[in-house]
Amino acid sequence: MPDDDAAARDAAEEASAFSHPPVDPDATTAYGDHPDQVIDFYAPRVTPGTTPASSAAPLVAVLHGGAWRAPYDRRHITPFADFLARRGFAVANIEYRRGSALPAQGGPGGSAGPVAGRWPETFDDVAAALDALPDLVRDAVPEADPRRMVLTGHSAGGHLALWAASRHVLPPDAPWRTAGPPPLRGVVALAPIADFAVAEKLDVCGGAATQLLGGQDKFDERRPYADPALLLPTGIATTLVQGRTDIVVPQPVADAYADAAAKAGEVVGLTLLEDVGHFPLIDPAADACAVVAEEIAQLAW
């Protein structure tokens with residue numbers, strides 16, 4: 001359990017990140033029939049002192065966090081999407097189906113709160129959105145260059161970003177498997193739930209990874225299809241950004257993924273930020289958010 005000071009600091013960081021009003025997109029496009037199968041697009045708009053726009057802007061695809069649970073949708077990360085757009089990126093903020101908004105009452109994973117994720121719908125949606133994105137962005141944001149795409153995500157969205165970049169190394173019978181690696185410049189995963197075994201050992205987000213996979217009886221069976229730490233090497237340039245004082249998704253989760261990558265013969269970047277918790281990574285008012293933008297820029301420009 002975190003001490004009182006750590007919990008207070010985390011609460012203050014969360015309050016700051018959620019204090020910004022949502023930012024409406026420039027366009028919204030559906031990639032399926034379900035109400036959650038939509039992508040919000042933000043056109044690049046450069047402000048003084050930021051990276052100058054080129055003739056075609058790199059595309060940043062964003063996957064929001066919230067433990068794959070229904071109460072957390074893409075709206076909470078729109079200030080971060082706008083932050084990136086004001087630095088010259090075209091941004092695609094992807095929504096996807098999440099768990100039930102109703103209490104689990106001690107259901108999968110033992111949580112009495114909303115259930116995390118849907119199997120297989122959460123993965124169906126992320127795969128479908130990324131497959132459709134290059135064509136959709138050409139109409140929604142013509143100034144974007146989908147050939148220079150970086151995938152980012154926060155927390156549970158960081159997991160989905162790592163997973164989406166590894167679809168070509170999924171088991172052969174996986175419905176989401178692709179014939180080759182995705183057309184990405186790279187992945188910047190922000191405090192990702194990147195290793196399910198370690199996440200469950202630490203009870204990250206109240207057993208959310210177990211809930212995502214359908215409960216404890218399905219955990220071992222489905223983990224090879226869903227756990228980024230088991231889907232290596234990807235051959236995709238990957239950086240994890242992690243706050244050292246994060247008590248929501250603690251640093252050992254990121255360390256475990258980096259260790260797994262090294263054992264698989266792949267070098268993964270791990271940027272550790274001192275005195276930074278979970279939420280400053282997506283908070284436009286925090287210095288950590290600028291660090292994230294720079295990590296993305298190093299891959300995209």
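Reply: Arg 45 counts as partly exposed, because its relative accessibility is 28%. The model is predicted. What does Arg 45 form a salt bridge with? The partner is Asp 26, and the closest N and O atoms of the pair are 3.1 Å apart. Asp 26 sits in the loop between α1 (4–17) and β1, while Arg 45 sits in the loop between β2 and β3, so the bridge ties together parts that are 19 residues apart in sequence. Asp 26 is partly exposed too, with a relative accessibility of 47%. Partly exposed covers what lies between the cut-offs of 20% for buried and 50% for exposed, so 28% places Arg 45 in that class.

β1 covers residues 27–30. The strand β2 spans residues 38–42. β1 and β2 run antiparallel and are joined by four bridges.

Now the whole sheet. Eight strands form it, and it is open. The order is β1-β2-β4-β3-β5-β6-β7-β8, with mixed pairing. β1 is an edge strand, as is β8, and each pairs on one side only. From one strand to the next, the twist averages 20°. In a regular strand, side chains alternate between the two faces of the sheet.

Follow the order inward to β5. Ten of its eleven residues are buried, so β5 is largely enclosed by the rest of the structure. β3 pairs with β5 in the parallel sense, over seven bridges. Within that pairing, Val 62 stands opposite Thr 152 of β5. β5 and β6 also run parallel, joined by five bridges. There, Val 150 stands opposite Gly 186 of β6. β5, α4 and β6 together make a right-handed β-α-β unit.

Next, helix α9. It runs over residues 287–300 and has 14 residues. From first C-alpha to last it reaches 20 Å, close to the 20 Å expected at 1.5 Å a residue. Which residues of α9 are buried? They are Ala 288, Cys 289, Val 292, Ala 293, Glu 295, Ile 296, Ala 297, Leu 299 and Ala 300. Their cover includes strands β3 (57–63), β5 (144–154), β6 (186–190), β7 (238–243) and β8 (269–273), along with helix α2 (78–85).

Back to charged pairs. The structure holds 16 salt bridges. One of them joins Asp 131 to Arg 167, with 3.0 Å between the closest N and O atoms. Asp 131 belongs to helix α3 (residues 121–140) and Arg 167 to the loop between α4 (156–164) and β6, so this pair ties together parts that are 36 residues apart in sequence. Arg 167 is buried, because its relative accessible area is 8%. Arg 148 and Asp 145 also meet in a salt bridge, at 3.3 Å from N to O. Arg 148 counts as buried because its relative accessible area is 13%. Asp 145 is buried as well, since its relative accessibility is 8%. Elsewhere, a network of salt bridges links Asp 36, Asp 40, Arg 74, Glu 95 and Arg 98.

Pro 171 lies in it, between α4 and β6. Pro 171 is buried, at a relative accessible area of 19%. Not counting residues up to four places away in sequence, Pro 171 touches Arg 177, Pro 224, Tyr 225 and Leu 231. Tyr 225 is 54 residues away along the chain, and its C-alpha is 6.6 Å from that of Pro 171.

Finally, the backbone of the loops. Trp 119 and Pro 120 are joined by a cis peptide bond, with omega about 5°. Pro 120 is in the loop between β4 (90–94) and α3. The bond from Leu 232 to Pro 233 is also cis, with omega near -5°. Pro 233 is placed in the loop between α7 (216–222) and β7. Trp 68 is not a glycine, yet its phi is positive, at about 60°. This residue lies in the loop between β3 and α2. Trp 68 is buried, at 0% relative accessibility. Cys 205 has a positive phi of about 55° without being a glycine. The loop that holds Cys 205 lies between α5 (196–201) and α6 (208–212).

How values were computed. Residues are numbered from 1 along each chain as its sequence is written. This is a predicted model: local features need pLDDT of at least 70, side-chain atom pairs count only at pLDDT 80 or more; totals for chains, interfaces and linings use all residues. Side-chain values use heavy atoms; hydrogens and water are left out. Helices (H or I, at least four residues) and strands (E, at least two) are DSSP runs, numbered from the N terminus. The expected span of a helix is 1.5 Å times one less than its number of residues. Buried means under 20% relative accessible area, exposed over 50%, partly exposed in between (1.4 Å probe, protein chains only). Contact means heavy atoms within 4.5 Å. Two strands pair if DSSP finds at least two bridges between them. Axes are lines fitted to C-alpha atoms, for helices over the stretch in contact, and angles run from 0 to 180 degrees between N-to-C directions. A salt bridge is a side-chain nitrogen of Lys or Arg within 4 Å of a carboxyl oxygen of Asp or Glu. A crossover is right-handed if, with the strands pointing away from the viewer, the path from the first strand over the helix to the second runs clockwise.
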